[in-house]
Amino acid sequence: MYIYNVTTNVNDEIKFDWLFWMKQTFIPAMLASGKFKKAIISQVLVEEDMGGITYSTQYIAENKTFADHFIQNELEAVLTEHSKFKGSCVDFSTGLQVISQIDGEV
């Protein structure tokens, strides 16, 4: 399993609109590519010097090849078509290779 992680700092003024847009528009567009099985949005519990709220959106792929294909061939089109909040957010992405998954009760 491979995770394409995007960490985004969002201005306080747009945080509710951004979250709604992510859940209703952007993430469904990412999942429609067929390269990712699911997505998880988490709030990063850190106070940023620049302000705003920081979120981590993790797109789960079966393997790195699927994610790499999407990033190289499809990501730009999705970003262009669904870039409503460009300029109101700062983000960066990282790839995470899952080494082991241990399920249990929480």
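Colleague: Where is Asn9 found?

Modeller: In strand β1; strands here are DSSP runs of E with at least two residues, helices are runs of H or I with at least four, and both are numbered from the N terminus. Before we go on: this is a predicted model, where local features need pLDDT of at least 70, side-chain atom pairs count only at pLDDT 80 or more, and totals for chains, interfaces and linings use all residues. Residues are numbered from 1 along each chain as its sequence is written, and side-chain values use heavy atoms, with hydrogens and water left out.

Colleague: Fine. Is Asn9 buried or exposed?

Modeller: Asn9 is buried, at a relative accessible area of 7%. Buried means under 20%, exposed is over 50% and partly exposed is in between, with a 1.4 Å probe and protein chains only.

Colleague: And what does the side chain of Asn9 make a polar contact with?

Modeller: With the side chain of Thr54, at 3.0 Å. The Asn9 side chain also reaches the backbone oxygen of Gly51 at 3.1 Å. A polar contact is a pair of N or O atoms within 3.5 Å; within protein, one must be able to donate a hydrogen and the other to accept it, and residues adjacent in sequence count only if both atoms are side-chain atoms.

Colleague: OK, switching to the sheet. In what order do the strands come?

Modeller: Four strands make an open, antiparallel sheet, ordered β2-β3-β1-β4. Two strands pair if DSSP finds at least two bridges between them. β2 and β4 (89-97) are at the edges with a single partner strand each, so one side of each has no neighbour in the sheet. The average twist is 20° from one strand to the next.

Colleague: How many bridges join β1 to β4?

Modeller: Nine, and the two strands run antiparallel. Val6, for instance, has Ser93 as its bridge partner in β4.

Colleague: Which strands does α1 touch?

Modeller: α1 packs on the sheet and touches β1, β2, β3 and β4, with its direction at about 15° to that of β3. α2 lies across β1, β3 and β4, at about 45° to β1. Contact means heavy atoms within 4.5 Å; axes are lines fitted to C-alpha atoms, for helices over the stretch in contact, and angles run from 0 to 180 degrees between N-to-C directions.

Colleague: What about the largest nonpolar core, how many residues has it?

Modeller: It has 22 residues, and Tyr4, Trp18 and Met22 are among those with the most contacts inside it. Such a core is a set of buried Ala, Val, Leu, Ile, Met, Phe, Trp, Tyr and Cys residues joined through side-chain atoms within 4.5 Å. α1 gives the most to this core, seven residues.

Colleague: Last topic, rings. How many aromatic pairs are there?

Modeller: Seven. Rings of Phe, Tyr and Trp (its six-membered ring) pair if their centres lie within 6.5 Å; planes under 30 degrees apart are stacked, over 60 edge-to-face, the rest tilted. Phe36 and Tyr59 make a tilted pair, 5.7 Å centre to centre with 55° between the planes. Phe36 sits in the loop between α1 (15-31) and β2 (38-44) and Tyr59 in β3 (residues 53-61), so the pair ties together parts 23 residues apart in sequence.

Colleague: And Phe36 with Phe70, why is that pair edge-to-face?

Modeller: Because the planes are at 80°, with the ring centres 5.2 Å apart. Both Phe36 and Phe70 are buried. Tyr4, Phe36, Tyr59 and Phe70 form one aromatic cluster.
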